[in-house]
Amino acid sequence: MSTGHDSAVSVREIRVLRTVILLRHGQQDESTPDGSGGLTETGFRQAALAAERLTAEPIDRIVSSGLRRAEQTANAIARHHAFLEVETDADLCECVPSVPRGQEVFYPDGVETAHTASCREALDRAFSRYFEPGSKGTTLLVGHGNAFRYLVCRVLDSDPDNWARFDMHNCGISRVEVKTFLGVQVTGLNDTGHLPPELLTYG
């Protein structure tokens, strides 16, 4: 007799085809007025702990934004993964994808519509490259809070303005997996288990 579940997919049949790990950079030195500063001493400590946490990950590729704080964080990870060189992708650089209602206070000088539009275009290109089904393996992206929150919203098919409704710590780890049958799923968000409380920062 049929149970009504004969054609259901078994959990054992679900496989991970590819994994994208998102690692926000460590705390940045904000003394440079143009935002191009590298990591602080705290930032280097955060990056070292994140590198230890990710040592066992079967990372096939490390891609960083072109900003110094991200590159320094990516290099800390690469030291634990022999034969991997850090690639650079300008589309992962920090930007403002939109200014949702209530967030205007954070942008007292305003943000031009052209800037937010170009930001979304760049991040949408990155989404197509790294998150849509295609290649296999594990890619580590090292970048920035705004950019990664927007990309998570894209994965969830959520209103893009929702990027401002959650946050990511410095060196917080998020994970997206592409699976058979289930498609693209967020399987981890802002994991900071590798960081002690005194190293939980947002800058």
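This is a predicted model: local features need pLDDT of at least 70, side-chain atom pairs count only at pLDDT 80 or more; totals for chains, interfaces and linings use all residues.
**View 1. The largest pocket and the residues around its centre.**
Here we're looking into a pocket with about 290 Å³ of space. Its lining is made up of 16 residues, and R24, Q28, R69, E94 and N146 are the ones nearest the centre. If you sort the lining by class, you get seven polar, six charged and three nonpolar residues. Helix 4, spanning residues 145-155, is the top contributor to that lining, with three residues.

**View 2. The disulfide between C95 and C119.**
Search the whole structure and one disulfide turns up. It links C95 and C119, with the two sulfurs 2.0 Å apart. What ties does this link make along the chain? C95 sits in the loop between strand 3 (86-88) and helix 3 (113-130), while C119 belongs to helix 3 itself, so the pair ties together parts that are 24 residues apart in sequence. The angle about the S-S bond is 60°, and the link is right-handed. Are C95 and C119 buried or exposed? Both are buried.

For reference, a pair counts as a disulfide when the sulfurs are within 2.5 Å. C153 has 3% relative accessibility, so it counts as buried.

**View 3. Strand 5 with its partners, strand 1 and strand 6.**
Strand 5 covers residues 173-179 and is mostly covered itself, with six of its seven residues buried. Strand 1 (residues 16-24) runs antiparallel to strand 5, and seven bridges join the two. To get your bearings on that pairing, find V20, which stands opposite V176 in strand 5. Strand 5 is also antiparallel to strand 6 (residues 183-191), this time through six bridges. On that side, R175 stands opposite G188 in strand 6. How many residues lie between strand 5 and strand 6 in their hairpin? There are three, and F181 in the turn has a positive phi of about 70°.

How values were computed: Residues are numbered from 1 along each chain as its sequence is written. Side-chain values use heavy atoms; hydrogens and water are left out. On a 1 Å grid over the protein atoms alone, a cavity is a set of points where a 1.4 Å probe fits but cannot get out, and a pocket is an open set with protein on both sides within 12 Å along at least five of seven lines; lining residues have an atom within 4 Å of a point. Grid points are joined across faces, edges and corners, and a volume is the space filled by probe spheres set on the points. Helices (H or I, at least four residues) and strands (E, at least two) are DSSP runs, numbered from the N terminus. Ala, Val, Leu, Ile, Met, Phe, Trp, Tyr, Cys and Pro count as nonpolar, Asp, Glu, Lys and Arg as charged, and the others, Gly among them, as polar. Buried means under 20% relative accessible area, exposed over 50%, partly exposed in between (1.4 Å probe, protein chains only). Two strands pair if DSSP finds at least two bridges between them.
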